[in-house]
Amino acid sequence: MKKVLSIVLTGALAASFVMSASAAEVIKIGGIGPTTGPAGIYGSSVQNAMEIAVEEVNALDGDIQFELMFEDDTHDAETSVNAYNTLKDKGMQILGGTVTTVPCLAVGAEAVADNMLCLTPSASSQDVIDLGDNMFQVCFTDPNQGLASADYISQQGLGTKIGVIYNSADPYSTGILNTFLAEAEVVGLEVLEPQAFTDDNSTDLTTQVQACKDAGADLIFLPIYYTPASQILKAADDMDYDVKFFGVDGMDGILSVEGFDTSLAEGVMLLTPFVATSTDEATVAFVEKYKEKTGGQIPNQFAADGYDVVMTLYKACTEAGVTADMAPSDVCEALKAVLTSGDFSVDGLTGEGMTWDASGAVSKAPRGMVIENGEYQPMD
Amino acid sequence: MQFLTYLVRGISLGSVYALIALGYTMVYGIAKMLNFAHGDVIMVGGYVVFFAFCKNGFNPWISVLIAMGACMLLGITIERVAYKPLRGTPSLAVLITAIGVSYFLQNGAMLLWKSDPKSFSSIVGINGLNLFGGKLQISAETIVTIITSIVIMIVLMWFVKKTKPGHAMQAVSEDRGAAQLMGINVNGIISLTFAIGSALAAIAGALLLSSYPTLMPTTGAMPGIKAFTAAVFGGIGSIPGAFLGGILLGIIENLSKAYISTQLSDAIVFLVLIVILLVRPTGLLGKKTTVKV
């Protein structure tokens with residue numbers, strides 16, 4: 001028995017040598033995001049898209065080969081840090097995450113200490129890139145979303161009295177709200193007293209909608225995620241309140257809520273850099289692959305962000321000459337130099353000619369979308 | 001009129017709390033344990049109704065009946081597997097187990113039904129009321145929830161006071177050992193209590209989600225805690241107390257949202273609870289018991 005066992009163990013050891021030998025030629029990218037829990041749709045979208053992108057990169061048979069390791073953090077900061085440590089133990093060299101803001105702040109602090117390059121697809125708080133010079137974003141920062149929303153509403157004359165319902169317990173939501181309010185004042189929008197809720201008292205949001213109705217709001221700005229937004233749309237419909245809604249990227253996903261009456265979302269406007277119904281070649285190809293992988297799901301903006309993370313890393317690694325045997329800190333220095341060099345730009349799914357400055361914020365143009373017949377349509 | 005609108009919304013939320021609190025108080029009154037998994041049984045009931053009614057188009061009555069059956073089975077199983085072996089151990093052990101069961105149900109639901117939220121369509125097919133020329137709207141869900149919780153409260157009181165199993169429940173609650181000596185099947189009575197409590201949870205789940213349509217594995221958690229607060233507020237163990245506590249809690253929560261702060265509503269709710277407990281430690285309608293030492 002012992003003999004058999006020792007042979008098996010020796011075999012396993014030999015096999016692991018072979019595996020680690022082949023694995024040494026690939027650059028290990030880590031990904032962290034919620035694939036379960038209330039924000040589960042974001043993490044799984046990013047994971048699927050990153051897997052697709054890595055397959056594409058590896059199929060090019062170039063010098064750069066990626067291996068993706070993705071961990072679930074259930075949108076919880078502590079779990080996320082544990083996931084980060086697990087990935088580090090597995091030899092991660094670059095972090096393509098995390099997906100959501102609160103965990104990203106916790107993980108980012110660790111990544112700064114390790115000098116690990118961190119390119120998040122969708123953690124959009126300004127605080128994320130303020131952590132250190134190794135932090136980069138593919139999505140807009142929250143302040144930019146608030147700013148762009150206020151400008152857009154004012155330019156297009158979408159509303160005269162603007163109501164706001166936001167989540168006061170979420171830095172994502174309050175971050176957007178603050179710049180929205182500041183910019184609204186600059187461009188002269190009339191904004192009513194913002195109505196807050198928290199994660200714990202979000203069961204009943206009718207009071208907030210009622211308050212907007214009583215104050216005579218003709219447009220409600222929703223700097224929140226789609227789950228509470230779906231409740232708000234239903235509440236407004238129930239009280240026969242005919243009002244326009246304007247959301248941000250967190251609104252993306254509302255059409256895929258199971259059992260949600262999508263006719264309620266008809267006419268909802270949002271700023272998002274990606275639309276699955278676009279007809280450009282890259283988007284069509286990506287949507288096709290994504291559907292094939294997920295059994296017919298339509299990719300949302302988070303998926304596109306995830307795809308762009310991998311493609312950006314691919315381009316940056318190629319230009320920086322990153323190799324698989326480099327330590328994470330060296331990889332980070334090389335990529336930082338390329339990303340902020342000024343002449344580095346990426347044509348991604350979420351924007352053409354994306355560039356980064358030293359702060360780690362991305363520069364690209366937002367697009368206004370409106371939901372018509374259950375699909376996103378460009379507003380202009 | 002604005003005040004009335006907020007008041008009605010408060011009563012609507014409160015009647016959902018009342019319905020959940022009835023289940024809490026029932027189990028506490030008889031089995032003398034806090035079943036923290038009650039909120040999650042509501043969530044399971046909600047999913048059963050979602051799949052029966054919203055997905056497969058069953059009649060709403062039948063869907064709720066199926067959910068009641070499923071939740072009864074679940075409640076009895078939980079009691080048999082998790083709580084019964086701990087009978088006679090310190091109450092802290094049972095309490096922690098109940099919290100464990102709550103997490104088990106939430107994570108089980110996540111595995112089974114995935115974590116992405118589902119939007120529930122109302123099981124109430126009638127129209128709401130429009131009073132004062134449309135200025136005051138009362139939704140059909142509100143009316144149905146209030147009526148249901150009043151009916152359930154009355155039936156439960158009648159059941160406990162007037163029927164033979166009800167008397168047995170009172171006896172078990174009073175003195176478990178003596179009840180057993182009198183020939184009462186204590187385990188059977190506790191199972192029955194859990195069955196009734198869980199069936200109520202299914203109804204509560206269906207009505208909660210008809211008014212507030214987001215269904216997720218964590219849907220039952222917060223309303224469960226609020227309803228527990230309501231039960232303590234009204235005097236835990238007391239059936240009319242749970243109803244009163246639920247309604248009051250809903251009204252306080254909504255009025256403080258409307259007139260004080262949408263952010264601080266929870267803080268205000270729990271502050272009122274603390275004040276009530278300081279003044280009346282047994283809750284509004286709780287029985288005073290003197291314990292001989």
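Biologist: How many residues of domain 1 of chain A are in contact with domain 2 of chain A?

Modeller: This is a predicted model, and its chain A is divided into domain 1 (24-140 + 281-363) and domain 2 (143-272). The C-alpha centres of these two domains of chain A lie 29 Å apart. Domain 2 of chain A gives 12 residues to the contact, and the number from domain 1 of chain A is 12.

Biologist: Which elements give two or more residues to the side of domain 1 of chain A that touches domain 2 of chain A?

Modeller: The residues on that side of domain 1 of chain A divide into 5 nonpolar, 6 polar and 1 charged. Two elements of chain A give two or more residues there: helix H4 (101-114) and helix H5 (126-130).

Biologist: Which strands stand at the edges of the open sheet of 5 strands in chain A?

Modeller: The order of this sheet in chain A is E2-E1-E3-E4-E5, with parallel pairing. An edge strand has a single partner strand, so one side of it is left without a neighbour in the sheet. In chain A that applies to strand E2 (66-72) and strand E5 (135-137).

Biologist: Which residue in E5(A) stands opposite Leu119(A)?

Modeller: Strand E4 (residues 117-120) of chain A pairs with E5(A) in the parallel sense, over 3 bridges. Opposite Leu119(A), the residue in E5(A) is Phe136(A).

Biologist: What angle does helix H2 (residues 40-59) of chain A make with E2(A)?

Modeller: Helix H2 of chain A packs on the sheet, where it touches strand E1 (27-33) and E2 of chain A. The direction of the helix and that of E2(A) make an angle of about 170°.

Biologist: At what angle does helix H11 (residues 301-320) of chain A run to E4(A)?

Modeller: Helix H11 of chain A lies across E1, E2, strand E3 (94-95) and E4 of chain A. Its angle to E4(A) is about 140°.

Biologist: Are H2(B) and H4(B) roughly parallel or roughly antiparallel to each other?

Modeller: H2(B) packs with helix H4 (residues 91-113) of chain B at an angle of about 25°, and their axes are 9 Å apart. Angles under 35 degrees count as roughly parallel. H2(B) and H4(B) are therefore roughly parallel.

Biologist: How many residues of the contact of H2(B) with H4(B) are nonpolar?

Modeller: From H2(B) come Asp40(B), Met43(B), Val44(B) and Tyr47(B), which meet residues of H4(B) including Leu105(B) and Trp113(B). The contact has 2 polar residues and 1 charged, and its nonpolar residues number 6.

Methods. Residues are numbered from 1 along each chain as its sequence is written. Chains are lettered from A and ligands numbered from 1 in the order in which they are written. This is a predicted model: local features need pLDDT of at least 70, side-chain atom pairs count only at pLDDT 80 or more; totals for chains, interfaces and linings use all residues. Two strands pair if DSSP finds at least two bridges between them. Helices (H or I, at least four residues) and strands (E, at least two) are DSSP runs, numbered from the N terminus. Two residues are in contact if their C-beta atoms, placed from the backbone, lie within 7 Å. Axes are lines fitted to C-alpha atoms, for helices over the stretch in contact, and angles run from 0 to 180 degrees between N-to-C directions. Angles under 35 degrees count as roughly parallel, over 145 as roughly antiparallel, 65 to 115 as roughly perpendicular and the rest as oblique. Ala, Val, Leu, Ile, Met, Phe, Trp, Tyr, Cys and Pro count as nonpolar, Asp, Glu, Lys and Arg as charged, and the others, Gly among them, as polar. Domain bounds come from an automatic or database domain assignment.
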